[in-house]
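Please look over the protein shown below before reading the report. The report begins with the protein as a whole and then turns to particular helices.

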Amino acid sequence: MTLAAGSPLLQGEVPDDLMGPINVHEFEEVARRKMHKLAYDFIAGGVEDELTLRANRAAYEHVYLMPRVMTDVSTVSLETELLGMKLASPILIAPTGGKSLVIQNADEIVARAALASKTLICSATGVQKILEKGEPLLWWSNTIGAATKAQARGYARRVEDGGGKAITLTVDNQYQSNRDRNNRNRFDYGYMQSGVPKEGAPKPPPRSPALPAMWQPHTPQMTWEQIGWFKDGSKMPLIVKGIVNPEDAALAVKHGADAIVVSNHGGRQLDGVIGTLDALPDCVDAVGGKVPVLMDGGLRRGTDILKALALGAKAVLVGRAPLWGLGAFGQPGAERVLWMLNAELKLAMGLAGMAKMSDISRTIVKRRLG
Ligand SMILES: Cc1cc2nc3c(=O)[nH]c(=O)nc-3n(C[C@H](O)[C@H](O)[C@H](O)COP(=O)(O)O)c2cc1C
């Protein structure tokens with residue numbers, strides 16, 4: 001079985017330093033050592049006590065694989081069809097704001113890594129220059145909503161004209177969340193514009209812990225009607241990102257969503273939210289096959305991804321993983337992480353007796369009760 005696929009790094013040209021980390025966890029460690037603490041904490045951190053951040057990872061520990069044997073797995077294909085798009089892999093890049101804290105121009109660099117590794121990228125920014133050149137970047141835009149129907153329509157048209165293949169609407173961002181690590185570091189959201197802070201630079205003055213500082217509205221007015229607003233403006237699919245409750249999964253479909261992403265924003269919004277792998281099966285059941293269900297949260301291994309696919313995800317998104325590659329070695333690092341995840345998934349499928357996406361089903365997983 002050959003593990004080779006899209007990225008140039010797969011053809012054997014792996015720079016020496018990239019050979020150091022052997023998995024995503026180790027890429028994170030290299031990135032952590034290279035990055036300013038404030039930037040590392042911003043990316044790595046969750047909200048408040050980080051219960052949900054941990055729940056996302058813990059969920060993979062209580063779902064077990066039950067591989068099949070004696071199936072012909074001499075070739076394993078990750079090819080996936082999603083919303084009429086043919087994808088080389090079910091692993092997509094999740095939208096992550098604030099990447100410029102990792103390195104300058106990070107949005108475009110990650111988009112270039114996506115292009116090089118034939119990975120679909122979901123992003124609010126950083127893709128224009130690449131698409132303007134006619135490069136075959138697979139891009140879904142990401143938005144947190146619009147104030148009016150006219151704005152939503154205009155946005156959808158611009159995305160479609162700009163080469164977007166779908167719109168993802170993030171719905172779990174009603175307020176700025178309460179992130180203890182950022183508060184402890186006196187993190188200032190202005191850094192997202194000003195870029196990576198220099199090591200030893202003076203910290204901004206402490207922010208008031210009073211309620212107003214904890215009550216920054218982002219999209220508190222958003223309701224289901226926004227799905228229709230965006231859909232009116234283009235022919236592209238509209239994907240709702242940020243659902244964990246099966247009732248919302250059903251409502252999203254009822255209001256016209258073409259797909260949903262089971263996501264808790266990587267544990268960065270409301271603490272105490274269920275881990276996404278645990279939330280996935282009920283959401284899949286609630287949707288009842290009417291639209292594809294995607295998921296993200298805590299994916300660091302090919303086996304994590306196989307479990308998500310087995311529990312009904314049609315594709316998955318990775319948020320922090322490519323950023324650890326980026327923080328460790330820039331664009332080659334991000335590509336290497338994407339390659340590793342694809343290689344691990346391919347190998348996991350081979351060892352689980354699954355030759356193609358459609359072979360994967362719930363029969364290959366068991367959830368530990370209690
Ligand atoms: C640094 C960072 C910034 C993020 N920014 C956004 C964002 O702007 N919009 C959004 O929908 N999700 C955002 N997310 C959440 C991701 O899209 C995704 O849901 C999450 O990272 C998945 O979990 P993982 O990081 O464990 O893979 C962000 C996540 C991180 C780590």
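## Overall surface and composition

The accessible surface of the protein comes to about 16800 Å², of which 54% belongs to carbon and sulfur atoms, the areas being computed by the Shrake-Rupley method with a 1.4 Å probe and, for residues, with only the protein chains shown counting as cover. This is a predicted model, in which local features need pLDDT of at least 70 and side-chain atom pairs count only at pLDDT 80 or more, while totals for chains, interfaces and linings use all residues. Residues are numbered from 1 along each chain as its sequence is written, and side-chain values use heavy atoms, with hydrogens and water left out.

The secondary structure comprises 13 helices and twelve strands, taken as DSSP runs numbered from the N terminus (helices are H or I with at least four residues, strands are E with at least two). Of the 370 residues in the protein, 54% are buried, a term that means under 20% relative accessible area, as against over 50% for exposed and in between for partly exposed (1.4 Å probe, protein chains only). Among contacts (heavy atoms within 4.5 Å) with a separation of 6 or more, 73% join residues 24 or more positions apart.

## Helix H4 and glutamate 108

Because eight of its eleven residues are buried, H4 is largely enclosed by the rest of the structure. The buried residues are Ala106, Glu108, Ile109, Val110, Ala111, Ala113, Ala114 and Leu115, and their cover includes strand S4 (91–93), strand S5 (121–123), helix H5 (128–132) and H13. Just after H4, lysine 118 takes a positive phi of about 55°.

Glutamate 108 lies in H4, which spans residues 106–116, and is buried with a relative accessible area of 12%. Leaving aside neighbours within four places in sequence, glutamate 108 is in contact with Gly126, Lys129 and Ile130.

## Packing of H2 against H13

The axes of helix H2 (residues 37–44) and helix H13 (residues 320–351) come within 10 Å and cross at roughly 160°, where axes are lines fitted to C-alpha atoms, for helices over the stretch in contact, and angles run from 0 to 180 degrees between N-to-C directions. That angle makes H2 roughly antiparallel to H13, the description used for angles over 145 degrees.

The contact is made by Tyr40, Ile43 and Ala44 of H2 together with Arg320, Leu323 and Trp324 of H13. By class, this contact of H2 with H13 has five nonpolar, no polar and one charged residues, where Ala, Val, Leu, Ile, Met, Phe, Trp, Tyr, Cys and Pro count as nonpolar, Asp, Glu, Lys and Arg as charged, and the others, Gly among them, as polar.

Note on methods
Parallel < 35°, antiparallel > 145°, perpendicular 65-115°, else oblique.
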